[in-house]
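Dear colleague,

I am handing over the structure that we discussed, for your study. Please look through it before you read the notes below.

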Amino acid sequence: MMDTFAALAHGMAVAVQPMNLLYALIGVFLGTAVGVLPGIGPALTVALLLPVTYKLDPGGSLIMFAGIYYGGMYGGSTTAILINTPGESASMATALEGNKMAKAGRGGPALATSAIGSFVAGTIATIGLAFLAPWLVDFAVRFGPEDYFALMCVAFVTVSATFGDSPVRGLTSLFIGLTLGLVGIDKLTGQARLAFGVPELLDGVEVTTLAVGLFAVGEALYVASRRHHSEEKLEPVRGSLWMTKEDWKRSWKPWLRGTMFGFPIGALPAGGAEIPTFLSYSTEKRLTKHPEEFGKGAIEGVAGPEAANNASAAGTLVPLLTLGLPTSATAAMMLAGFQQYGLNPGPLLFAERPDLVWGLIASLFIANCMLLVLNLPLVGLWVRLLAIPQPWLYAGILVFATMGTIAAKPSVVELSMLAGFGVLGFLMRRFDFPIAPVVVGLILGPIAESQLRRALAISLGDPMTLLQSPISATLLGLALVALLAPFVLKGMGRFKANED
Amino acid sequence: MSSGDPAQTPRRVDRAGIVIAALLAATAAVLVWDARGLQSTSMYGMGPEAMPVVIACGLALLAIGNFVDALRGNLPARESADPLPVVLILIGLALLIAIIGFGGGFILATAALFVTTSAAFGRRAILVDSVIALVMSTLIYLAFDRLLTLSLPTGPLERLL
């Protein structure tokens with residue numbers, strides 16, 4: 001307990017250095033500005049802004065990342081409220097009620113309750129992260145390679161199969177990612193796999209290329225292909241920005257309940273903020289004293305899911321920082337950010353670079369405060385960003401998206417891969433395959449493979465080692481249950497249908 | 001899997017779904033074919049060829065799963081899609097790749113992508129957009145190449161700056 005306080009105080013000392021404060025500010029600002037653009041969720045925000053941080057030192061860039069992460073989350077909810085195009089499924093609940101509020105001229109309070117709710121949830125969840133992380137690290141140092149492998153199996157299954165609409169399509173996405181993860185030189189034997197004699201492929205598939213291709217290029221193609229369906233409409237922010245006393249009274253409990261849903265579910269290696277946001281939405285719908293307002297713009301329906309969304313975002317940092325396990329597309333991009341400096345999150349990083357890890361955690365607090373102070377006064381600026389005409393907006397997004405790849409590797413092969421992943425992303429959207437499992441599969445696949453091979457090498461090739469370790473056996477059992485559950489009881493689909 | 005398919009009613013064989021299943025099966029075959037060329041050098045445990053084969057098995061199973069879904073018409077309904085803008089954007093990306101590949105530089109390449117994308121989204125003012133695109137990509141170039149010292153590919157325009 002005292003250790004956490006000392007470490008956190010140390011982290012604060014790192015984070016409040018003027019340069020680091022500036023990085024956090026730039027991160028928050030850029031993250032909100034990019035995240036507010038329609039169709040751009042936090043994962044893509046982080047992917048697009050990765051090249052901006054190339055030249056910084058690891059500490060500064062991770063702090064900027066913390067700001068980008070929270071800024072992107074906040075920007076996404078602004079878009080959801082004002083034009084009803086949630087950049088990600090986790091903002092869907094917010095869009096449901098928030099856009100109705102904006103239409104009714106209550107856009108200001110909707111933005112305010114989402115901003116303050118995000119702040120409350122983010123702060124509580126970051127405290128949770130600070131206290132849970134060291135405890136998990138103590139536990140994780142005892143993990144052998146077989147346990148890590150089993151843990152990753154759990155993550156694979158929960159990310160792709162358990163919580164999606166269709167386990168078959170989720171697993172298909174995961175296996176596409178795993179296949180892409182095979183490309184390149186095998187680290188243990190130096191042999192090339194799936195490189196087909198192309199030298200550029202020997203280094204493997206770049207995570208940012210995949211993410212930007214799938215998310216940015218794919219999204220642009222998808223929106224372009226169905227432009228004739230409907231023009232999205234921007235709701236102007238009318239009336240007071242501030243919440244009335246009544247609004248406060250109706251908001252604070254949903255904030256806290258949303259946090260209670262969001263953080264634990266985010267911290268489990270289960271991935272995704274969709275479940276907690278929808279749980280929060282249905283809970284608020286059940287508990288509210290104004291059930292007639294739900295579906296027409298109930299403030300509880302914005303406050304709860306928004307808090308749940310932010311809390312689960314902080315929650316996903318728990319497995320990411322302590323175990324190196326990304327359970328959402330955004331966390332996968334954060335991991336890519338670590339990897340560009342050769343840093344591998346996990347128990348070792350806590351021991352070797354406590355200044356980095358705790359500086360990052362402290363920066364999350366600071367970024368959260370900055371967002372609260374910055375966003376409400378600047379909402380006029382964000383609204384103006386939303387008013388950019390669609391042709392220029394998507395043209396600009398594509399230019400920025402390709403710029404990242406051009407800056408990192410200006411080769412024809414890499415750019416062709418970007419375009420190819422764009423087509424893949426377009427087709428996956430069109431045929432309703434989830435995208436995040438591809439990114440998680442690409443990042444975790446190679447790690448899982450090397451842990452498994454290490455485990456088998458230690459056991460002299462005896463696969464029973466996977467079942468002899470109690471941790472690994474339990475986790476593999478969990479993974480099996482999580483894999484079979486959706487097939488056995490097709491209840492998740494019904495659960496989701498009920499909430500719509 | 002043409003993107004011009006009309007919205008499909010469920011409970012009908014979904015041709016796009018069959019194509020997806022076939023692509024997955026083909027990927028599995030490529031994995032196995034590629035893995036055959038690998039030598040297993042490790043004494044114990046698994047060599048580099050094991051994982052591709054495992055993933056290929058998974059892909060094959062999923063191909064069957066997708067095939068069954070397609071036969072049952074279980075795929076979610078799709079809205080109609082307009083192929084023209086998609087093709088335009090892809091032309092833009094091809095232009096970008098070609099210009100970079102032939103040393104045309106960052107500014108021209110991204111400007112070409114900007115104009116085609118904006119046309120794909122329904123703008124017809126190509127000249128105005130070209131000017132906007134050139135100014136914007138020049139500014140991006142200056143900001144990232146000079147201020148952030150990222151190295152972006154140079155061409156004739158960049159050398160003038």
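This is a predicted model: local features need pLDDT of at least 70, side-chain atom pairs count only at pLDDT 80 or more; totals for chains, interfaces and linings use all residues.

Chain B has six helices and zero strands, and its pattern along the sequence reads α-α-α-α-α-α. With a radius of gyration of 23 Å, well over the 15 Å that the globule rule gives for 161 residues, chain B is more spread out than a compact globule. Its C-alpha atoms fill a box of roughly 55 × 55 × 25 Å along the principal axes. Of the 161 residues in chain B, 37% are buried.

The contact between the chains takes 52 residues from chain A and 59 residues from chain B. On the side of chain B that touches chain A, α1, α2, α3, α4 and α5 each supply at least two residues. The residues on that side comprise 36 nonpolar, 17 polar and six charged.

Which residues of α5(B) are buried? They are B:Asp129, B:Ala133, B:Ser137, B:Tyr141 and B:Phe144. Seen down the helix axis, the buried residues fall within an arc of 100°, so they line one face of α5(B). These buried residues pack against α17 of chain A, together with α4 and α6 of chain B. On the other side of α5(B), the exposed residues include B:Leu127, B:Val131 and B:Arg146. After α5(B) comes B:Thr149, which has a positive phi near 50°.

Yours sincerely

Methods. Residues are numbered from 1 along each chain as its sequence is written. Chains are lettered from A and ligands numbered from 1 in the order in which they are written. Two residues are in contact if their C-beta atoms, placed from the backbone, lie within 7 Å. Helices (H or I, at least four residues) and strands (E, at least two) are DSSP runs, numbered from the N terminus. Ala, Val, Leu, Ile, Met, Phe, Trp, Tyr, Cys and Pro count as nonpolar, Asp, Glu, Lys and Arg as charged, and the others, Gly among them, as polar. The radius of gyration is taken over C-alpha atoms; the globule rule is 2.2 Å times the number of residues to the power 0.38. A residue is buried if 20 or more other C-beta atoms lie within 10 Å of its own, exposed if 12 or fewer, and partly exposed in between; C-beta atoms are placed from the backbone. The arc is that of the directions from the helix axis to the C-beta atoms.
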